[in-house]
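Have a look and see what you make of them.

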Amino acid sequence: MTALPQAPVRVHPARRAGRVLVRLFLAAGAVVSLVPFLWMAIASTHSTSELFRSPPPFLPGGQLLDNLVRLQETIGFGRVLLNSAGIAVVHTVLSSLISAMCGYGLAKFRFRGRGLLLGAVLATMMIPFQVLLVPLFQMMASVGWIDSYQAVVLPFLVNSFGILLMRQSFVDFPDELLESARIDGSGELRTFYRVVLPCVRPQLGALVIFTFMAQWNSFIWPLLMLNSEDKYTVPVALNTLTGLTHVDYSGLMLGSLLATLPLMFLFLIFQRQFVAGLLGGAVKG
């Protein structure tokens, strides 16, 4: 039985023009958003004096290797890059796991005071970070954790945003699957890791990206906690290039460019999970 040929769908000229305008607008927005990164890449290949010429350089220069050597000699950029990577990875893994477990408990377990606990988690999102600096600093000083990595990682492992994000992911998870796993003799932890977590990988991937970016770009708290130069993270180390009399702008640009690359790679790896995680709530709703 041969299928009848379908007539081509004709798009109204006004609608076609509207689509073209939308695409042009989005393309212009993408170009504008890429301009700062392009300038950062170009500036990292010039010396600081060349950046203040009139007109400024618009093409790559030949100072990239010199800037990289000076950056390594000045702040030990390779070491601080490893420091940031280690802190961010440990914090991301622990914080994401805690958020997932807390969100699962709030979504699937019935206990007295659950609504009050959920309200408390929501309330903590309204507390400004600056209000917590003094009491947290006093706590870290009282236990002797000043100038230590645990002081940077541990205080912010419990993330109210992550808990609420994961809770919303678990709310619509079928209770029948949980009951089936329990009937088959699976414990709560095994059910959580083997049955529940694989089903919320998009939301978990989005949380991993958010958490890693927040910790990687964290500046104020590591600046307060870390006193030894060999323990500095990337943002704190780059801040030392801004002296009172001289600012190494080319070094700052190169360091910022190198510090941005891990975030770009992370997003490229988890981009599908990131988009699916952001749209998951809208699809379920």
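Which residues make a nonpolar surface patch of about 480 Å²?

1. In this predicted model, that patch is made by L261, M264, F265, F267 and L268. Take F265 as a way in: this residue sits in helix α14, which covers residues 249-284, and at 52% relative accessible area F265 is exposed.

2. There's a charged patch to look at as well. R15, R16, R19 and R23 gather on the surface as a patch of positive charge. R15 belongs to helix α1 (residues 13-43), and with a relative accessible area of 55% R15 counts as exposed.

3. On to the salt bridges, of which the count is four. One of them pairs D248 with R70, at 3.0 Å from N to O. This pair links distant parts of the chain, 178 residues apart: D248 is in the loop between α13 (234-239) and α14, while R70 is in helix α3 (residues 64-75). D248 is buried, at 11% relative accessible area, whereas R70 is partly exposed at 29%.

4. E179 and R182 form another salt bridge, 3.3 Å from N to O. Both are in helix α9 (residues 175-183), and because they are three residues apart there, about one helical turn separates them. E179 is partly exposed at 42% relative accessible area, and R182 is partly exposed at 28%.

5. R182 also meets E188 in a salt bridge, 2.9 Å from N to O. E188 is partly exposed, with a relative accessible area of 37%. Through shared partners, E179, R182 and E188 are joined into one salt-bridge network.

How values were computed: Residues numbered from 1 in each chain as written. Predicted model: local features only at pLDDT ≥ 70, side-chain atom pairs only at ≥ 80, totals over all residues. Heavy atoms only, no water. Patch = residues over 30% accessible without salt bridge, like charges linked within 9 Å, V, L, I, M, F, W, Y side chains within 5 Å. Areas by Shrake-Rupley, 256 points an atom, 1.4 Å probe, with all protein chains shown as cover. Salt bridge = Lys/Arg side-chain N within 4 Å of Asp/Glu carboxyl O. Lys, Arg positive; Asp, Glu negative; His and termini not counted. Charge placed at Lys NZ, Arg CZ, Asp CG, Glu CD. Helix = DSSP H or I, 4+ residues; strand = E, 2+ residues; numbered from the N terminus. Buried < 20%, exposed > 50% of the residue type's maximum accessible area, 1.4 Å probe, protein only.
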